[in-house]
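I set out to record what I looked up in this structure. The entries follow in the order in which I made them.

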Protein chains: 2
Amino acid sequence: MSPTPPRRRATILDVAKEAGVAASTVSRSFTNPGRVNQVTREHVLAVAQRLGYAPNPMARALESGRTDTLALLVPDITNPYFAGVIKGAERAAARAGRTLVLGDTQESVTTEEELVRRLGPAVDGFVLSASRLPDRELQRVAELNNLVLLNRAIPGITGVVADFASGTRQIVDHLASHGHRSAVFLAGPPESWSGSRRWAGLQEAAETAGMTVRRVGPYSPTLEAGAAAADAVITSSTTAAVCHNDMLALGVMRRLLDRGVRIPDDVSIVGFDNIFGSDLCTPALTTLAEHTQDAGERAVDTLIHLGLQRSRTEQSWQLPTHLVVRASTGPCRIR
Amino acid sequence: MSPTPPRRRATILDVAKEAGVAASTVSRSFTNPGRVNQVTREHVLAVAQRLGYAPNPMARALESGRTDTLALLVPDITNPYFAGVIKGAERAAARAGRTLVLGDTQESVTTEEELVRRLGPAVDGFVLSASRLPDRELQRVAELNNLVLLNRAIPGITGVVADFASGTRQIVDHLASHGHRSAVFLAGPPESWSGSRRWAGLQEAAETAGMTVRRVGPYSPTLEAGAAAADAVITSSTTAAVCHNDMLALGVMRRLLDRGVRIPDDVSIVGFDNIFGSDLCTPALTTLAEHTQDAGERAVDTLIHLGLQRSRTEQSWQLPTHLVVRASTGPCRIR
DNA sequence: TTGAAAGCGCTAACAC
DNA sequence: GTGTTAGCGCTTTCAA
């Protein structure tokens, strides 16, 4: 058997001819039901149905400039952290009758630029989650597109961010309450806005609590990078490590365990993100949770709103965070 | 501050006027570098760059029918199983200079249909992974689009499937070697092609090995559904449970442990997919791994190939599977 | 209420 | 090597 290539799709003209009306009438039947005779409309729709006709979104967009499609770009779609963001964004998009396309920038600035450039004319706007693009570049993107940033704050650009100030305070309070006097921060990629907020918050909270924090790294936010980071923890002779994210934390824990370090007896571990798997591991990971679904929803809602109004006002949001305390943190026992 | 709405994008005419050439020359500079003077081309490209011009894919597609964009649809983008598929598909798409958009069908037939309908004219083809659509519907989709199926076999439609016959044999052999005489299969959604292949393979392999297998369910392929499934395992008084997928298996293990059942001492657990997290949990999960990255790559490569040839020949692929033996399976101790 | 015609941004003949 | 022209499928004035 040899399948044939896709056959030609029915166009508006096919329907018009078949229905014995003009193309514009077919068009109106779909987009402007009020402005066409009820009977005509039903006939047209029936013919369209029979011919399997659906308006070509590309052609429609060419004229109207609108595609009813939104793009959500994430640095690494395989990182479970983004699962919540995606789910939330999808829900909001569906509710508003928009199609959501997802793009994976693969932690690469060039891939992100490329995707924005290629998708730009084909979508009504972007949600850029944890964008790696420099501020300047984002400004340019915002000039050409509707744009909402997730966990990134740039003056003049709408954003939805997690409250890391409060979150890091929760972490520090938690550790301090267990008697820890110092901690290391295992840093992630330097371009990460979240990472810089986390480190800033940690420093400030630590000062308030009378704890000392030191930063090492940067490390890639992956399981694999955990080994190197874990070894740094061991040499640091600290009693607590706060990791850039859960992926790194999971990798750190595995390595520490392999090397005979007990968690949390010898060292407490904290992560960020509360990803799938963070409560599956042993010991279960203490981690700062964001409301990722809410964030995704809020971002898409805001984006749609942006597209609807002509003069845009910047309206940014901060979402709460909360510390999920599990078994990877405990009382300080000076080593 | 109030950001202005996106300003008008530069068109090919803007570039043409600014560069003092015709639109077609600009077009050729981008798509047909050989057929334009080197100097002219460089000048045009420079002007385009300065104006921030990029060809509008919608307009281009309207003419040529090609968008250089491919769509990959998965039932649940948050299921870590699909991470590998996505990565592989992305790699292949990038290599071929195509843009890949991802769609999440949310395990819903209507969402899947809707996405196919809306994205259809905007992409050069689809990879449908673990599609929930009935055969008939897929036939229709294949008439209108280039289409490659992942883990679904339909005569006349190109597909890439995992070798579940071999995989289930490996599972059964593994269990039998540990002295297990019977097992339950905790089934997933009835529409799941993979699920039906797994069950069929299990039955056949069990017969050969002289084991008995029983099927219970269906269960939703989620962590949450694990509780109900686990309880079924307990009443079944069997020594081994093979779960529809790892998500379900993880949920089952958690519940079993909660109820004081020891794994693998009292009951051995096997999953499918080898997802992220399956080696993080305690005990680590024995599971059948597919080569998901290869599958994603192969699917996209095949899809691109489909688009290039006029008369399509069906060329389907079967990819190997291998059992990853971890701590959740062990010797049978009759309860 | 409907039709005719222009045009969205681009590419592909076809000329020159 | 480069310009001119005619659409791709659709929406949207403008007339009728």
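Entry: I began with E107(A), which counts as partly exposed because 19 C-beta neighbours lie inside 10 Å. I used these classes: buried means 20 or more other C-beta atoms within 10 Å of the residue's own, exposed means 12 or fewer, and partly exposed lies in between, with C-beta atoms placed from the backbone. I found E107(A) in the loop between β2 (99–104) and α6 (109–119) of chain A. Its phi is near 55°, a positive value in a residue other than glycine. I took helices (H or I, at least four residues) and strands (E, at least two) as DSSP runs, numbered from the N terminus.

I then turned to E107(B), where phi is positive at about 55° although the residue is not a glycine. The loop between β2 (99–104) and α6 (109–119) of chain B holds E107(B). E107(B) counts as partly exposed, with 19 C-beta neighbours inside 10 Å.

**Entry: conventions.** I note that this is a predicted model, in which local features need pLDDT of at least 70 and side-chain atom pairs count only at pLDDT 80 or more, while totals for chains, interfaces and linings use all residues. Residues are numbered from 1 along each chain as its sequence is written, and chains are lettered from A and ligands numbered from 1 in the order in which they are written.

**Entry: cis peptide bonds.** I looked up two cis bonds in chain B. One joins G217(B) and P218(B), with omega about 5°; P218(B) sits in the loop between β7 (212–216) and α10 (226–236) of chain B. The peptide bond from T282(B) to P283(B) is also cis, with omega near -5°, and P283(B) lies in the loop between β9 (268–272) and β10 (286–290) of chain B.

**Entry: relation of the copies.** The same surface serves both copies, as 98% of the contact residues of chain B recur in chain A (contact: C-beta atoms, placed from the backbone, within 7 Å).

Notes:
Two residues are in contact if their C-beta atoms, placed from the backbone, lie within 7 Å.
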